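Subject: Structure handover and notes

Dear colleague,

I am passing on the structure below, followed by notes on what was found in it. Please read the notes with the coordinates open beside them.

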Amino acid sequence: MKPYRGRILWVDLTTGTCTNEEIAESVYHAYLGGLGLAVSILYNRIPAGADPLGPDNVLAFVSGLLTGSGSLFTGRWMAAAKSPLTGTWGDANCGGTLSPTIKQCGYDGIFVTGVSDHPVYLYVDSHGPELRDATGLWGMDTIETEETLKKLVAGNREPSVACIGPAGERLSLIAGISNDGGRMAARSGLGAIMGSKMLKAVVLSGSRPMGSENPEEMLRLSRVCARHVTQDIPLPPGRAMPLLGALLRHLPATMRMDGGLSIPMFRKWGTCGMDQASVEWGDTPVRNWSGSEKDYHRRLSNAIDPDRILAREQRKYHCYSCPLGCGGICAWQGSETHKPEYETIAAFNALLMCTDLDAVFAINDRLNRAGMDTISAGGTIAWALEAWEKGVITSADTDGLELHWGDSAAALRLVDLMIAREGIGELLADGSLQAARHFGHGSESFAIQAGGQEIAMHDPRLDPGYALHASVEPTPGRHTTGCQVYYDMYRLWTRVPSLPKPRLLSAKRSKYRADAAQAAIAVANSCFTQLYNGAGLCMFGAMLGVDRIPVFEWLNAATGWHMTPAEYMTVGRRIQTVRQLFNVREGIDLRSLAINPRAAGHPPLLRGANRGRSVQLTALMRDYWEHIGWDPETGVPSPSTIAELGIAPLTDTTRTDDTVCVEATLETDHGL
Amino acid sequence: MAYNIDKKCIGCGLCVRVCPVTAIRGQLHAQHTVDAAVCIECGVCGRVCPASAIQDATGSTCARLKHEDWPQPDMDDTLCVSCIACIQACPVGCLGLGRPGPRDPHARPILKMPDRCIGCGFCYGACPVGAITMK
């Protein structure tokens, strides 16, 4: 059995019709599934210049090629469309159970176009797709929506639900898409697209079995991989983590990082295990990227001691096919909530100089329920606090609310205003750049974003790779697409011998050199990221290193192909190049997507872990573009690269099996 | 390929009642049919058919089995990695997570509703680490 279905579902909300489209085998060879499949379709099907919140934009929900194949860490689903936040190619990535359910419904992806004239949700089961009225669901938060729909469509098995909350309904440009009780495909503002299309939710209840071409080999590979994850390694208590961070800060040299060491930390604490250490190390931004661990010192950061967070955890949360279980379910106000992640904790503590863990839990829960990106929300509030401090925003703008560093109550109030789009929240709900443009007075200079999207809580002044990837990535402002430490962890040189192997120890200053080696590892990061996004692999799994997580071997065993790791990396390069071509077609000046200079150390910090450090971003971007085969001055993929990658024509597809969707009105006794 | 019902069908309707995806249609006392586009090949129809009228996707006639003889999943917790692939694969929702232990917060899947299990083995096929046997 192939691990892909060879079929996608098209849903036209304007006409209320659903159509199946068969996908040629060659498309999977060239683009895999997941984001690769999405870009191969959307580049052709979203018209140039389409309004991101209009009927022509197409929102894709795609499952990774390896999902359901017997591999591990491969339960990621991805949403993709033209981003309303950045105007570029947009995508977001999430775990939970949606990815396998897309395939269990018989599809590799669901592509939604048009605009409905009233709220609807898409229901798909073994009998096919159906659009249903969602008027009664409109206004509900994501958790209420999911719980209501699960009761409403109750059958033999529980469906998987992806939905928006009030943020998406109100077209907040930093709205995400929620599934599995608040897991969030948060970035690129894709929740606003569902809101613009009046698509409240996608409810999937398929039961078709999934598999692979060579299940025996998949089992052998997965068993070996699992052993690297589940071995119990004793770890020090949480209070030792800042000492680890401080040690890394003081060391004169930088070490090649081994992801095998971070996996036990993720298994014990989840991503929150790194928050306090990262402040000490210089990875977490402080005070809207203008401070350091000298400002947010250990007495303050003790509020986010990972053991304090772990004490609230009731049980571990595993996404589909994940042996790690970095997620956690915590008790919260008589109910349950997902454990806050590193990014959320950093964004609402160190970035704002706050120290209230209860407030973080409250904010995390509210943003998950609203369906709003915690990274962008935190970054935007950090901008607002600095704007208040500088007199750009006054109490006249905030209806009397004072915005001071370290005031968690004010941050919580701003979150509520942003979700409700009330008062100053009306402006902040679209991100820091939009707000800065409104208020002016030079406040764009401290809107820490790239291309309009707030960058995540990892400091490029510690790892210049973050600056580079956030700037050259076709979805700007992203942190998961690459950095120098990720390259260490991915250990790609063990499978692709042409790639450079970093030294075990090297001088810290060497990280800041813009040279051919940096370009080579950055391009390898990009290609591998797109490859694993095509496969549906979780980044934390990838951090094990490809000699421990056999993604290349899984791909061959699952599909029956015989491709080399280098050939798979070319697939990743192809996906990355088409994503860039999407932006070129939109007429975007690719140089304009560079991150805010402050985050790149221009000017450099005067004290703290990253004092005196500046990233040579222009040179790094030029080298990256040249190395991947794009114009080094403009970032436009060269004709020879396009030809070499065989990018045109992009798809070889034939529409078949037209099916008319039947719309049913929900029965009134459900209280809708 | 999907399951098929032949002329030996007596139209008793047992298969309709057990099919987890409502893929079977037919009038009482008349030959039933399987909707090939809907059938997930779980095999439960074949296990309940009193007339040996059902063939699997390879054309082999399915043998009737007493309900107590239907195979059920047995999880090996020493191999299980809590990845929930089995729970996700189950077409009847009979699996769920057990309670996490005091020293291991990673809850393991268990057969929560044995009476509901149809013995399809989808969980067995979905387990990435071979922690499930059908007994």
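How many helices and how many strands does the secondary structure of chain B come to? There are four helices and eight strands in chain B, where helices (H or I, at least four residues) and strands (E, at least two) are DSSP runs numbered from the N terminus. Read from the N terminus, their order is β-α-β-β-α-β-β-α-β-β-α-β, and the C-alpha trace of chain B spans about 55 × 25 × 20 Å along its principal axes.

Some conventions come before the rest. This is a predicted model, in which local features need pLDDT of at least 70 and side-chain atom pairs count only at pLDDT 80 or more, whereas totals for chains, interfaces and linings use all residues. Residues are numbered from 1 along each chain as its sequence is written, chains are lettered from A and ligands numbered from 1 in the order in which they are written, and side-chain values use heavy atoms, with hydrogens and water left out.

Turning to the interface, 34 residues of chain A are in contact (heavy atoms within 4.5 Å) with 28 residues of chain B. The area buried between the two chains is about 2300 Å², with 56% of it given by carbon and sulfur atoms; buried area here is the accessible area (1.4 Å probe) that two parts lose on being put together, summed over both. H127(A), N156(A) and H318(A) supply 24% of the area that chain A buries against chain B, more than any other three residues. Between chain A and chain B the count is zero salt bridges, a salt bridge being a side-chain nitrogen of Lys or Arg within 4 Å of a carboxyl oxygen of Asp or Glu.

On the side of chain A that touches chain B, α3 (98–104), α7 (215–230) and β14 (313–317) of chain A each supply at least two residues, and the largest share, six residues, comes from α7(A). By class, that side has eleven nonpolar, 17 polar and six charged residues, where Ala, Val, Leu, Ile, Met, Phe, Trp, Tyr, Cys and Pro count as nonpolar, Asp, Glu, Lys and Arg as charged, and the others, Gly among them, as polar.

Over all chains, the count comes to 41 salt bridges. One of them joins the side chains of K2(A) and E213(A) (4.0 Å, N to O), and this pair links distant parts of the chain, 211 residues apart, with K2(A) in the segment before β1 (7–12) of chain A and E213(A) in the loop between β12 (199–205) and α7 of chain A.

Two backbone details may deserve a look. A cis peptide bond, with omega about 5°, joins H602(A) and P603(A), and P603(A) lies in the loop between α24 (565–585) and α25 (617–628) of chain A. F73(A), although not a glycine, has a positive phi of about 65°, and F73(A) is found in the loop between β3 (59–63) and β4 (77–82) of chain A.

With best regards
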